[in-house]
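Me: I'm new to this one, could you walk me through it?
Reply: Gladly; have a look at it here and then ask away.

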Amino acid sequence: MKIFDYEDIQLVPNKCVVKSRSECDTSVTLGKHSFKMPVVPANMQTIIDEKIAEWLAENGYFYIMHRFEEDKRIPFIERMHHRNLIASISVGVKDYEYDFVRELADKKLLPEYITIDIAHGHSDAVINMIKHIKEYLPETFVIAGNVGTPEAVRELENAGADATKVGIGPGKVCITKIKTGFGTGGWQLAAVRRCSKAARKPIIADGGIRTHGDVAKSIRFGASMVMIGSLFAGHEESPGETKVEDGVVYKEYFGSASEFQKGEKKNVEGKKIWVHHKGLLADTLVEMQQDLQSSISYAGGRDLEAIRKVDYVIVKNSIFNGDTI
Ligand SMILES: NC(=O)C1=CN([C@@H]2O[C@H](COP(=O)(O)OP(=O)(O)OC[C@H]3O[C@@H](n4cnc5c(N)ncnc54)[C@H](OP(=O)(O)O)[C@@H]3O)[C@@H](O)[C@H]2O)C=CC1
Ligand SMILES: Nc1nc2c(ncn2[C@@H]2O[C@H](COP(=O)(O)O)[C@@H](O)[C@H]2O)c(=O)[nH]1
């Protein structure tokens, strides 16, 4: 098994076939809908809120609303549908989530996307929830995760998942790899590759993206979509606290399994960091899209398909993907 991570890989350029990078098409289709870019902000409370979700949907980006304000989910779906926007929400696997899915069906509120958002997705808990959603909301596109192995991808797909999310422990505010010794931290890109070879449906690479070039690398190794937390943290619009130290503005970014999210110190597998204020999210998205257009031109093509076929070299290996403890 070849083991590597984002920082270990360089993609090898091909002859350019476009006159301008602006000709390169970064759009992607997931389920019945197409989006501007194969990128989705992480469904975390310091990355997305309803305002950002609405803005992303209005502007042609994929989004997944987090699941940490449970009571707001139904009014959110109603508001999005009232405006003819896609509703994309998250659920957990606790008993009350089964009732929630039934309530959606009873009210004929059919979200276009539901993401089952659990740390260890290769479990009967997730398999049963996939089947439950498919029974009550058969038209909804179900994203299930998180997993880190081909076996898990196949099992969740067989249970009815329309896409699986790959990444156990590569996240910037993740401490799973340190606290449990398990996961894809340090070899996330190789795990994406292994999983995508087994997959019959789309894979979402989740966690460990540290540069815009990592999006192209994820696509090269089989991802259809890339979930990103830290690169989207710290923007003007980002939810969460702001602090100023020595004239420098910081914003908080915390893990969904951190004490800050959970409100208690139980099974903590996430931490909080302060990131530099980065300006407007819209500007970062534009820059990311331009960089991806450039990646497509280096791949010698006009759309994302070109990236999937490029050669690559492994330049080094490190287990922390640029992170420190
Ligand atoms: N991608 C990643 O690497 C990780 C992501 N996270 C994020 O943190 C949030 C909280 O996740 P999670 O704790 O799963 O959600 P929940 O708190 O909803 O717990 C999920 C359920 O699964 C049970 N469970 C059994 N084994 C595990 C395990 N190893 N890890 C987690 N739950 C387990 C839990 O019981 P009990 O609590 O009693 O064990 C609980 O009933 C999610 O948003 C998730 O995406 C968290 C860690 C890793
Ligand atoms: N182990 C943990 N992983 C977490 C936690 N909260 C979120 N996450 C995962 O991280 C990615 C974002 O990664 P990034 O490198 O882009 O910042 C996110 O989508 C989750 O899968 C957590 O508390 N612990």
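What follows is a chat about the fold, some of its parts and the surroundings of the ligands.

Me: Before we start, what sort of model is this, and how are things numbered?
Reply: This is a predicted model, in which local features need pLDDT of at least 70 and side-chain atom pairs count only at pLDDT 80 or more, while totals for chains, interfaces and linings use all residues. Residues are numbered from 1 along each chain as its sequence is written, and chains are lettered from A and ligands numbered from 1 in the order in which they are written.

Me: OK, how many helices and strands does the protein chain have?
Reply: The protein chain has 11 helices and 14 strands, where helices (H or I, at least four residues) and strands (E, at least two) are DSSP runs numbered from the N terminus. Its radius of gyration, taken over C-alpha atoms, is 19 Å, close to the 20 Å that the globule rule (2.2 Å times the number of residues to the power 0.38) gives for 325 residues, so the chain is as compact as a globular protein of that length.

Me: And what does the C-alpha trace span?
Reply: Along its principal axes, the C-alpha trace of the protein chain spans about 55 × 50 × 40 Å.

Me: What share of the residues is buried?
Reply: Buried residues make up 49% of the 325 residues in the protein chain; a residue is buried if 20 or more other C-beta atoms, placed from the backbone, lie within 10 Å of its own, exposed if 12 or fewer, and partly exposed in between.

Me: Which helix could I look at for that, and why is helix H7 largely enclosed?
Reply: Helix H7 (residues 188–198) is largely enclosed by the rest of the structure because nine of its 11 residues are buried. Among those buried residues are Leu189, Val192, Arg193 and Arg194.

Me: What do the buried residues of H7 pack against?
Reply: They pack against strand S1 (9–11), helix H5 (150–159), strand S8 (163–166), strand S9 (203–206) and helix H8 (213–220), where two residues are in contact if their C-beta atoms lie within 7 Å.

Me: Since you mention H8, is valine 215 there buried or exposed?
Reply: Valine 215, which is found in helix H8, counts as buried because it has 28 C-beta neighbours inside 10 Å. Leaving out residues up to four places away in sequence, valine 215 touches Pro38, Val39, Ile209, Val226, Met288 and Leu292.

Me: Switching to strands, which way do S5 and S6 pair?
Reply: S5 and S6 pair in the parallel sense over four bridges, and two strands count as paired if DSSP finds at least two bridges between them. Serine 90 stands opposite threonine 115 in S6. Strand S6 (residues 113–117) is mostly covered, with five of its five residues buried: Tyr113, Thr115 and Asp117 point one way, and Ile114 and Ile116 the other way.

Me: What about the open sheet of three strands, what is its order?
Reply: That sheet has the order S11-S12-S13 with antiparallel pairing, and its edge strands are S11 (242–245) and S13 (272–276), each of which pairs on one side only. Five bridges join strand S12 (residues 248–254) to S13, and glutamate 252 has tryptophan 274 in S13 as its bridge partner.

Me: Where is the cis peptide bond?
Reply: The cis peptide bond joins glycine 145 and asparagine 146, with omega about 0°, and asparagine 146 is found in strand S7 (residues 141–147). Most residues other than glycine have a negative phi, and most peptide bonds are trans.

Me: Then what is phi for asparagine 84?
Reply: Phi of asparagine 84 is near 60°, a positive value in a residue other than glycine. Asparagine 84 lies in the loop between helix H2 (73–82) and strand S5 (88–91), and it is exposed, with 8 other C-beta atoms within 10 Å.

Me: Last topic: which residues are closest to ligand 1?
Reply: Ligand 1 is surrounded by 20 residues, of which Gly92, Ala119, His120, Ser256 and Ala257 are the closest; a residue is near a molecule if its C-beta atom, placed from the backbone, lies within 6 Å of it.

Me: And ligand 2, which come nearest?
Reply: Of the 24 residues around ligand 2, Gly171, Cys174, Gly229, Gly255 and Gly270 come nearest.
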